[in-house]
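Trainee: Could you walk me through this one? I'd like to begin with the cavities and then move on from there.

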Amino acid sequence: MSNYITGPDVVKYACSCGLLKPITRLYFCRHCLELRCGFCVCHEVDSNYCGKCCENLPSAEARLKKNRCGDCYDCPSCKQNLSKRAATVGPKNPEDPKATPRKVYYLLCLNCRWSSRDVGIPDQAAATGSWPERENVHAARLQEIIEMYKGIVLAEKQQKMEKDKKKQRRFMTFTDRTGITASMLRKRIGLPDIPHPLLKPKPKEPEEAVAKEEVEEFPEELLTKPINLNEITTLEQRLNLPEWQPTTVDKLFPIHKQVSVKRSQRCRACEHNVSKPEYSPTSIKFKIQLFAFYHIPEVRIFTVEPLRAGKQCELLLKFSNPTQHQTVITFLPLFPSEDSFASKEIKELVPDEEVPSREIVIEEKQPPSLPGSQPSSLLHTSLSRTPSITVKPRPIKQAITANVELPTSNFVLLPRDDAAEFDDSGDTHNIQDDTKLVVWRKSNKAVIRLNITPLENLNIGDEVVVGFTMQHIYVNTITAVESKEPQRYNNNVKVFQYLGKIVGSE
Amino acid sequence: MPLYEGIGTEKLTVVMDLGAAFTKLGFSGEFAPRHIIRSEVTLKGSNLTREIYSYVNGDDLYDLLVEFLHMIFFKYVLLSPKDKPVIIVESLLCPTIFRETLAKVLFSHYEIYSLLIVPSHLVSLAPLAINTALVVDVGYLETTVIPICHGLPVLHAWQALPLASQAINNKLRKHLHSCNIKISEVKQNIIDDIKVRCCFVTPQRRAIQFLKSNSQLNYCPDLQYPLGGTKIINVPGKIRETVAEFLFEEDNDHQCLSTMVLDSILKVNVDLRVKLAENILLTGGTVMLTGFKARFKEELYKQLNSSRYEKLKLSKFMFHSAPSKDNYTAWLGGAIYGATEVLGMKSITREYYFKESRLPDWPNMKDNSRIQ
């Protein structure tokens with residue numbers, strides 16, 4: 001397993017979008033029976049939480065707090081978490097003998113020893129909240145400008161609408177006939193004109209900024225006085241506080257900690273979730289986890305003979321079945337030339353006597369759903385999600401540098417059984433194996449032998465890559481409405497093995 | 001927009017300014033970006049950090065942008081991009097491949113609802129509430145000058161030169177190489193940091209003295225920049241003071257920052273010249289370099305005396321200071337535009353994009369009838 005974390009990835013699967021990834025980075029959509037990866041699923045923000053205090057923030061609150069935790073702070077100097085420290089100071093009036101010492105709090109970074117006392121933030125009497133916040137000095141002016149622009153655009157919009165309205169009018173009004181409007185009449189009588197209630201006053205224009213001849217003066221002392229780099233903030237420190245960008249360290253202020261999100265992933269083709277975490281920030285479990293690792297047989301390289309260009313050598317691959325259902329694995333060429341090629345050959349298999357009936361475990365974890373079913377009537381069309389855009393899959397660019405002699409026979413992989421580890425009753429399981437193909441077998445795992453021939457024109461040191469299409473039987477436990485039986489499909493997955501480099505002759 | 005997002009609450013629109021070095025991102029209607037991050041991604045497989053602008057072709061850029069925007073949306077902005085509007089602040093001189101690929105990523109990969117692209121020079125004026133100014137954007141890759149007259153960018157008067165942060169970084173690395181060994185292995189962000197913390201732009205009187213062979217002037221004090229706890233980079237005073245000098249030295253075509261501004265003014269109608277000279281706005285991160293603005297002004301006056309610009313008849317230059325830090329002025333403009341109804345009126349919707357499968361652009365005669 002550690003190989004999947006540290007790499008290098010020696011076995012890669014082709015995702016339906018055309019990218020090659022190790023099986024641990026893939027999802028398997030049970031509804032459209034395709035491999036998906038982080039690139040081709042639709043990511044969504046599920047819930048916000050603070051990574052330090054593990055507090056769940058509802059999205060409205062997170063929006064209000066500008067996606068920052070109200071209580072936790074980051075160090076402005078090194079971006080680590082700030083800790084709250086308590087200190088005891090003398091009572092307010094030292095003369096009073098009964099007065100108890102007070103507790104005050106300040107913020108301290110345990111990494112770089114920056115503290116809120118360094119920059120003159122007064123110690124607080126309460127541990128949470130009440131830390132002074134800073135305002136943008138230009139806030140009032142900018143608010144005014146935003147209001148002005150809003151007004152201008154709105155007036156423009158109204159004008160446009162008015163124009164459209166005028167065009168539509170086809171009837172003669174009373175004023176058209178008499179030539180007198182209400183306001184004219186009012187004027188004639190001597191009454192003050194009342195403004196139209198719908199007509200908004202013209203947007204107020206704030207005064208324009210005035211250009212000045214003077215610019216920031218050059219600080220002359222820079223030429224003679226040596227500067228202390230410890231007092232000048234780094235570029236990163238400045239950009240962490242984009243609003244102020246302080247140039248000296250005495251103006252650094254603690255930063256509210258940015259919240260993190262839990263993401264859920266959705267298949268773009270069928271809009272079903274392939275991964276959905278639990279809401280609680282402290283939980284690392286999933287509500288839905290359709291990881292390929294739990295559905296697609298895993299292929300590992302067992303061993304390979306030294307690779308020589310043009311010489312046939314033996315490759316042992318270990319297959320393991322992660323599912324609760326028996327599967328049969330067949331080898332197919334990577335790119336079939338026949339017209340029978342279809343990325344998904346969905347053909348229902350008749351359960352034959354080879355598969356004992358007890359193997360079919362129907363797990364109704366999810367309500368049945370059909371790809372073509374109508375969305376719930378609760379979701380109005382305008383409120384529901386717009387269907388995703390499917391991006392055309394890119395062609396697989398991986399060059400194949402060795403030929404595989406594909407075995408004509410297939411082999412059976414038994415279902416995964418956690419108790420089998422402790423079962424000593426033989427490893428053959430009464431399965432008639434092609435001894436040329438299957439070398440070894442134990443519970444849900446099997447090692448098979450393939451003959452490969454690296455291409456003639458390879459030089460020493462060239463990477464050898466082989467690939468084949470693995471066809472396995474996938475048992476879908478999501479039952480359709482018409483048939484209660486779990487459906488069995490032939491699923492094709494393209495698998496690539498990176499076997500290493502060509503070595504010299506013996 | 002899904003129902004559970006809440007109907008009554010004010011909509012939050014992401015505003016992004018994807019710069020060559022730093023990306024500014026935040027929400028419309030706010031007064032400062034939430035984050036300013038480096039425009040680079042660390043690729044999962046190889047652990048290699050690549051800048052967005054280091055792309056080799058469109059497909060490469062597509063993958064880089066998918067990675068980068070994923071980080072933006074789920075690490076910084078914390079919003080599902082699907083069915084949301086997005087505002088991009090972009091230079092009018094942005095490469096077509098970049099903006100087209102960005103639109104493709106946003107529309108087909110992230111499935112955003114609509115996209116509003118605002119020109120950075122124009123919107124930089126929004127925080128100032130003025131509509132005529134000469135905008136000088138000194139960024140990372142290049143410096144661009146575009147005059148804005150009565151709210152319209154005067155494109156035929158644009159000027160651009162690769163005199164910006166990247167050139168300073170390269171110069172700095174080259175100069176440091178002479179007094180430090182193994183400087184070529186130092187990462188780009190360290191060089192950036194040395195530039196920001198140690199270097200400055202010297203006043204003109206000193207620069208003239210330095211050019212003379214018999215100058216008696218002493219350079220500013222040398223500095224030792226600590227690196228990684230054990231190493232030290234020596235930064236001599238000469239480098240600290242003169243590394244950005246080349247921005248104001250005329251090249252073989254007699255071009256430098258100050259001539260760009262004056263050339264641009266020259267190309268504009270006579271009636272607008274004085275007004276532009278009296279409304280100059282400096283934006284971009286590089287103008288925050290200590291002493292840059294003071295020197296820039298001095299250089300403008302110096303150039304005015306040369307015979308090339310005699311006919312300009314200008315007597316004074318005036319500068320604006322935006323209610324923001326210079327490196328996010330353009331972003332702030334985008335955020336102000338985003339707070340208005342412009343978003344609904346002018347943005348490109350998904351339906352339009354997929355019908356046309358391209359963005360409207362000013363050099364395209366289909367969109368711009370003013371090009372002859």
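Mentor: Keep in mind that this is a predicted model.

Trainee: Which residues line the largest cavity overall?

Mentor: From chain A the lining takes A:Val41, A:Cys42, A:His43 and A:Arg268, while chain B supplies B:Phe74, B:Pro81, B:Lys82, B:His109, B:Tyr110 and B:Glu111. Sorted by class, that lining has five nonpolar, two polar and three charged residues.

Trainee: And how much space lies in the largest cavity?

Mentor: The largest cavity holds about 80 Å³ of space, and the count of cavities of 30 Å³ or more comes to six.

Trainee: What do the side chains of B:Glu111 and A:Arg268 do?

Mentor: They meet in a salt bridge, at 3.5 Å from N to O, and both residues are listed in the lining of the largest cavity.

Trainee: OK, and the interface itself?

Mentor: On the side of chain B, 92 residues are in contact with 71 residues of chain A. The area buried between chain B and chain A is about 6800 Å², and carbon and sulfur atoms give 61% of it. Within chain B, the residues that lose the most area to chain A are B:Phe31, B:Leu78 and B:Arg197, which together account for 11% of what that side buries.

Trainee: Which residue of chain A does B:Lys293 meet in a salt bridge?

Mentor: The side chain of B:Lys293 meets that of A:Glu216, with 3.3 Å from N to O. B:Lys293 lies in helix α10 (residues 292-304) of chain B and A:Glu216 in the loop between α5 (182-189) and α6 (235-240) of chain A, so the pair joins two chains.

Trainee: Are those two buried or exposed?

Mentor: B:Lys293 counts as buried because its relative accessibility is 11%, under the 20% cut-off. A:Glu216, at 55% relative accessibility, counts as exposed.

Trainee: What does B:Glu245 form with B:Arg295?

Mentor: B:Glu245 forms a salt bridge with B:Arg295, in which the closest N and O atoms are 2.7 Å apart. B:Glu245 is in the loop between α7 (237-242) and α8 (257-266) of chain B and B:Arg295 is in helix α10 of chain B, so the pair ties together parts that are 50 residues apart in sequence. Both B:Glu245 and B:Arg295 are buried.

Trainee: Which residues are linked in a network of salt bridges?

Mentor: The network links A:Glu236 with B:Arg38, B:Asp192 and B:Lys195.

Trainee: Changing topic, where is B:Ala133 found?

Mentor: B:Ala133 is found in strand β8 of chain B, residues 133-138, and it is buried, with a relative accessible area of 0%. Leaving aside neighbours within four places in sequence, B:Ala133 is in contact with B:Leu125, B:Ile146, B:Pro147, B:Ile148, B:Leu276 and B:Asn279. The C-alpha atoms of B:Ala133 and B:Cys149 are separated by 6.5 Å, although these residues are 16 apart along the chain.

Trainee: Last one: how many helices and strands are there in chain A?

Mentor: Chain A has six helices and 22 strands, and buried residues make up 38% of its 506 residues. Among contacts in chain A between residues at least 6 apart in sequence, 66% join residues at least 24 apart.

Definitions and conventions
Residues numbered from 1 in each chain as written. Chains lettered and ligands numbered in written order. Predicted model: local features only at pLDDT ≥ 70, side-chain atom pairs only at ≥ 80, totals over all residues. Heavy atoms only, no water. Helix = DSSP H or I, 4+ residues; strand = E, 2+ residues; numbered from the N terminus. Buried < 20%, exposed > 50% of the residue type's maximum accessible area, 1.4 Å probe, protein only. Contact = heavy atoms within 4.5 Å. 1 Å grid on protein atoms, 1.4 Å probe; cavity = no way out; pocket = protein on both sides within 12 Å on 5 of 7 lines; lining within 4 Å. Points joined across faces, edges and corners; volume = space filled by probe spheres on them. Nonpolar A, V, L, I, M, F, W, Y, C, P; charged D, E, K, R; others polar. Buried area = accessible area lost by both parts, 1.4 Å probe. Salt bridge = Lys/Arg side-chain N within 4 Å of Asp/Glu carboxyl O.
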